[in-house]
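Subject: Structure for you to look at

Hello,

Here is the structure I said I would pass on. Please open it and keep it beside you while you read the notes below.

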Amino acid sequence: MRGPGGRALTIRTRLIVTLAIVASAIIIVSGAATVLTVRHYLEERVTERLIGNTERIKATLLGMPTIDLTAQTIDDMASAESTAVIMVTGGRPVLVANTDATTAQSILALDLSDGRPQPVRGRPGLMAVEIDTTDTGLVVNDGGRQLRPDGLIIAVNATEEVAAFQSLVFASTAAGLISIAALVLLTVVIVSRGIRPLRTMSEQAQAFADGNRDVRLGVSSDDPDIARLAATVNQAFDAQQEADDRLRAFVADASHELRTPLTTASGWIELYLQGGLSDAEKRDHAMHRAQTELGRMRVLIDELAMLARMDADRPLDLEPVDLGALAAEVVGDARVVNPDRTFTLFTAGPAPLLGDQRKLQQVLVNLVGNAVQHTPAGTPVEVTVAPATAAARGRHAYTLLVTDHGPGISAQDQPHVFERFWRGDASRDRHTGGSGLGLSIVASIVAAHGGTYDLSSRLGEGTTIRVTLPGVGSTEQRVDPEHVHRHRAGEETVAGDHIGHLPADTARDLAGGDRSAGGEVDLDVDQVSATGHRDPVHPTPQP
């Protein structure tokens, strides 16, 4: 609905106009129906009166052999009954009583041959009917003339009924107009009061949009719908404020993280430009430090760019991927880079997925790198790839576990480990090389693949991060510890009868459930045996 000039009308105006139109239409239709009903009733009443008089007169005329009346008697009788009488012979008037010539002409112009009363044109309230007197003994003496009329026309004046009808029309019209005005006024008041909370909510929402993030809508309205709307808008306000807070924190953290290596590199370069590094060894040290800090900044920028791409929901480059083979590659690289550590890989054969290989490799690199970075030197790291149990997933999927035996993470820190730029205690600061984005990148990539992630950690015992990804195929598989292949650092798997043991913690984690937001996961130890047969391993030279 639009107003003059094509502008959209407000909801208040639309409601008032709509309700006023509907109410007016109902009142008008009701009034018209009442008037028409009363009019029909009055017409029927006059018609019945005329027919009744006609039947009585005709019965009287037929019941008497001879009726001798004078013209004066007929005129007196017509005046007393407020009735016009016209006697005709051969269609011509021979006697007119209690009416004027013009009215008589109007009455005679009617076709009254059917014996039904007819309204007289031009004479409101006057109706006429004709009685056939051919077979009666009616004789009228008019000044010495004896008239034997063959027709008697009677016209009844229904002025009172017409006046009553006109009064009814006037009263109905006046009542209708007053009712419409009252209803329009009442509609304006009710609609204005009803949408007042909406107007207030609009003003408060505008204040929020103008930057006042502390404003919230009142939810004490008596209308449950408006209260529910206010509560929903407040939830949206809260979510927007949380998003703004996260964005400000993210920008501040990113700026700080970028500023630190940039300041360090700039400091060494300025020291060189000012001649403070005349010694070649100091210059080499300065260039090495600048290169290191710039490399850290490049890594941070790459990680931020990846998070931005993930947040933008860019499509993944999906292709068949073997998660077990991918884990073997990442573990092999980690052995080379960290020869002082023991890396153990447990797989249960191929783990086919449909995913983005580069991003899934990034998940493995970040998880393994996180375990190496935040545990003391020499701490072993275990990587497990196996089919998820039915308890963990209701459909075919694969579970990836990365377990370290380091200091663990406190319960109050666990809900934050997947947040961007989060770092825990002093051992997890930027001097260890971490940016605080590794696990948040893992969370984004896993979520983009339709997977889940969670963390289980105990102080002094270590940490396990579990990632579950949907697999290719529909057949549900369970972990069979007797068919788990074991790749230990510096070892190569071949056929044989060697019996090994799957660590109990890893077995429990394989039977894990859904993500518990940062807390410890309740694991069903009985689902997977803590020991099992594996293929033999034969030592090979450590690379």
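Strand E2 (residues 83–89) and strand E8 (residues 151–157) run antiparallel and are joined by 6 bridges. Strands (E, at least two residues) and helices (H or I, at least four residues) are DSSP runs, numbered from the N terminus, and two strands pair if DSSP finds at least two bridges between them. Ile86 stands opposite Ile153 in E8. This is a predicted model, in which local features need pLDDT of at least 70 and side-chain atom pairs count only at pLDDT 80 or more, while totals for chains, interfaces and linings use all residues. Residues are numbered from 1 along each chain as its sequence is written, and side-chain values use heavy atoms, with hydrogens and water left out.

E2 is also joined to E3, by 5 bridges, and these two run antiparallel. Here Val88 stands opposite Pro93 in E3. The hairpin of E2 and E3 has 2 residues between the strands, and Gly90 takes a positive phi near 65° there. Of the 7 residues of E2, 6 are buried, so the strand is largely enclosed by the rest of the structure. Buried means under 20% relative accessible area, exposed means over 50%, and partly exposed lies in between (1.4 Å probe, protein chains only).

The whole open sheet has 5 strands in the order E3-E2-E8-E5-E4, with antiparallel pairing. Strand E3 (92–97) and strand E4 (118–119) are at the edges with a single partner strand each, so one side of each has no neighbour in the sheet. E4 pairs with strand E5 (residues 126–132) over 2 bridges, in the antiparallel sense. Ala128 in E5 is the bridge partner of Gln118.

Now to the helices. Helix H7 (residues 323–337) has 15 residues and should span 21 Å at 1.5 Å a residue; its end C-alpha atoms are 21 Å apart, which agrees. The expected span is 1.5 Å times one less than the number of residues. Among the buried residues of H7 are Leu323, Leu326, Val330 and Ala334. An α-helix has 3.6 residues a turn, so residues three or four places apart point the same way. At the start of H7, a side-chain oxygen of Asp322 comes to within 3.0 Å of the backbone nitrogen of Gly324.

Which helix does Leu19 lie in? Leu19 lies in helix H1. Leu19 counts as partly exposed because its relative accessibility is 42%.

Regards

Definitions and conventions: Polar contact = N/O pair within 3.5 Å; in protein donor to acceptor, adjacent residues only side chain to side chain.
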